[in-house]
Amino acid sequence: MKKVGILVVVSMLILGMFIFADNVKYGGVVNLGGSAPTYMAANFNPFLLFSGAADPGTVFVYEPLMYVNPLNGAVTPLLGTAYQWKDNNLKMVVTIRKGVKWNDGVPFTPEDVVFTFNLIKKYPALDANGIWSDISGLQSVEASGDDVVFTFSKPDTPMDYYILRNTRIVPEHVWSTVEDPTTYINADNPVGTGPFLRTNYSVSNNTEYFSKNPNYWWQGRPYIDGIRMIGNVSNEAAFLQMLKGETDENDIAIADPMRTWINKDPQNNLMFWPTYSSNILLMNDAKTPFNNATFRKALSLAIDKKLLEDRAYWGTGGYDISQTQIIPAQRSEWYDTNLASEDAYLNSYNPTEAQKLLESVGYKKNSAGVLVGPDGKTLPTFNILVGTGWTDFITMAQNISQELKSIGINTTIVQQSYSTYMTLLMTGNFDMVILNGTPQIGPNPFNAYYSEFYPGFSAPLGQSAISDYSRYTNSDITKALNDFMASSDPSVQRQAMYTIEKVLLDDLPMIVLTNRTGFDLYSQKTFVGWPTIENPYSNGWNTDGIDMELVVLNIHLK
């Protein structure tokens with residue numbers, strides 16, 4: 001995200017929202033579908049949100065310092081009003097908002113922020129984002145007047161995303177008395193600064209209620225009076241509720257959404273399926289022949305990516321993919337347009353060209369139509385790993401298997417449970433695998449590249465890699481990642497990304513198959529102001545779900 005002019009950007013965001021507030025109708029209780037409270041409602045610990053063990057409704061009660069939109073990097077100030085990197089990017093100074101109270105009436109202070117970050121330092125199990133990890137270099141968090149100062153042993157500017165957006169601030173006067181915050185369920189009357197109070201929940205009825213916080217610091221917000229969350233046992237049951245008008249929102253993947261949802265009521269039924277990542281074919285770089293860049297490029301040319309999008313997602317993800325993995329919303333700032341021709345070439349479907357590339361590195365078909373390598377040996381049948389029941393990935397694997405067979409490569413599709421799938425992925429016990437290619441989303445490509453290619457996340461075959469599952473590393477990528485982390489200058493950071501993009505196209509360590517989108521469905525029969533592709537002010541329930549606070553602050557009665 002940009003650091004230059006951050007104060008101006010923040011002011012403009014606030015002004016725009018308050019202008020909008022003059023023309024809205026207040027009141028109403030919005031019905032949100034989604035995750036079933038049966039297994040979450042009893043646990044309201046905001047530190048466990050990223051692990052999936054806590055109620056997603058914590059985002060309505062607990063706030064971060066700022067909201068950073070992972071789709072486009074736009075910043076909305078919340079408990080922090082501004083931030084700045086200083087001392088050669090060894091200190092990040094965040095100005096804390098004045099006049100805020102916890103929902104029990106106690107004043108919110110910078111000391112609460114300091115306490116929160118030191119709490120997750122003391123209890124590493126709460127540090128889901130690795131803020132205090134050895135890799136981050138964060139050394140201390142201290143209050144200084146109205147500011148909180150984060151001091152690092154080495155520059156790590158991308159950490160601002162996790163500090164500002166991904167950490168929920170808790171009250172010291174409550175949590176300092178908690179004996180073990182790693183097991184604290186925080187179920188009764190949770191104390192936060194957010195726009196809503198958690199007033200009631202019922203595990204047996206799969207329902208949960210939130211009422212407006214009358215003392216919320218953001219004047220005029222929220223517009224709605226409350227939230228009712230409704231759990232379900234299946235996507236089918238949740239979608240039926242949407243069709244019946246019993247819920248106003250749900251985050252569910254449905255088949256052919258234009259036909260089954262939008263066309264049912266084009267005036268009121270909305271879908272917000274923004275591209276936030278890519279689905280990729282990951283090849284094991286520690287194994288022959290996948291350690292050959294020309295071989296990998298041949299595979300890419302042999303795969304009809306438009307067909308994959310149509311068959312797996314009915315075209316809803318669009319066809320504007322990039323082998324750099326940069327999503328459409330971030331390309332204007334982060335994509336090197338000089339690479340566009342090569343990118344388009346690698347995205348194209350050209351099995352004839354694929355065959356020529358294979359022959360150029362010694363792979364030719366035998367009389368049975370199977371590739372024989374330069375060593376004279378017939379290629380074995382390779383596995384394509386997918387998760388059991390993952391219909392989109394299974395559909396893609398079936399198509400890829402057929403297309404690779406046409407160029408002489410035989411494959412078998414292997415479906416595994418999620419736990420086994422991840423074990424095989426992390427230990428490198430696979431040939432090819434289809435997966436969501438971005439373990440970490442963020443406001444720029446760094447987060448994906450760092451998790452996928454930083455050497456510290458790799459491991460030899462048989463040992464568990466943290467996130468570099470392909471085992472591919474490159475010295476130019478490593479240097480560019482380090483250059484990015486050391487700088488807060490957008491031009492320096494942009495050039496670092498350009499360097500990585502070129503390596504990705506030159507070496508193609510992974511093949512982007514389709515865009516990966518969110519799956520939010522909205523009804524505007526009762527409430528309007530939902531995020532849209534044209535106005536993606538929030539990422540909604542999509543990805544990690546912490547973006548929903550902005551949604552409930554913006555929606556209002558029709």
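Two strands are said to pair if DSSP finds at least two bridges between them, and the helices (H or I, at least four residues) and strands (E, at least two) named here are DSSP runs numbered from the N terminus. The model is a predicted one, in which local features need pLDDT of at least 70 and side-chain atom pairs count only at pLDDT 80 or more, whereas totals for chains, interfaces and linings use all residues. Residues are numbered from 1 along each chain as its sequence is written, and side-chain values use heavy atoms, with hydrogens and water left out.

**The sheet and its helix**

Strands of a sheet pair through backbone hydrogen bonds, either parallel or antiparallel. Here 4 strands form an open sheet in the order β4-β5-β7-β6, with antiparallel pairing. Its edge strands are β4 (80-86) and β6, each of which pairs on one side only, and the twist from one strand to the next averages 15 degrees. Within this sheet, β5 and β7 are joined in the antiparallel sense over 5 bridges, and Thr95 stands opposite Asp147 in β7.

Helix α2, residues 110-122, has 13 residues and reaches 19 Å from its first C-alpha to its last, close to the 18 Å expected at 1.5 Å a residue; that expected span is 1.5 Å times one less than the number of residues. The helix lies across β5, β6 and β7 and runs at about 160 degrees to β6, where axes are lines fitted to C-alpha atoms, for helices over the stretch in contact, and angles run from 0 to 180 degrees between N-to-C directions. Among the buried residues of α2 are Val113, Val114, Phe115, Phe117, Leu119 and Ile120, together with Asp112 and Thr116; buried means under 20% relative accessible area, exposed over 50%, and partly exposed in between, with a 1.4 Å probe and protein chains only. The cover over the buried residues of α2 includes β5 (91-96), β6 (138-144) and β7 (147-152), as well as α3 (159-164) and α4 (172-175), with contact meaning heavy atoms within 4.5 Å.

**The whole protein**

The protein has 17 helices and 22 strands. Its radius of gyration is 24 Å, close to the 24 Å that the globule rule gives for 558 residues, so the protein is as compact as a globular protein of that length; the radius is taken over C-alpha atoms, and the rule is 2.2 Å times the number of residues to the power 0.38. The C-alpha atoms fill a box of roughly 80 × 55 × 45 Å along the principal axes. Of the 558 residues, 58% count as buried, and among contacts between residues at least 6 apart in sequence, 70% join residues at least 24 apart.

**Backbone details**

Pro222 has its place in the loop between β9 (207-212) and β10 (226-230), while Pro289 lies in the loop between β13 (275-283) and α7 (293-301).

Asp256, a residue other than glycine, has a positive phi near 45 degrees; this aspartate is found in the loop between β11 (249-251) and α6 (257-260) and is partly exposed, with a relative accessible area of 22%. Trp314 likewise has a positive phi, near 55 degrees, and is found in the loop between α8 (305-313) and α9 (331-334), where Trp314 counts as partly exposed at 39% relative accessibility.
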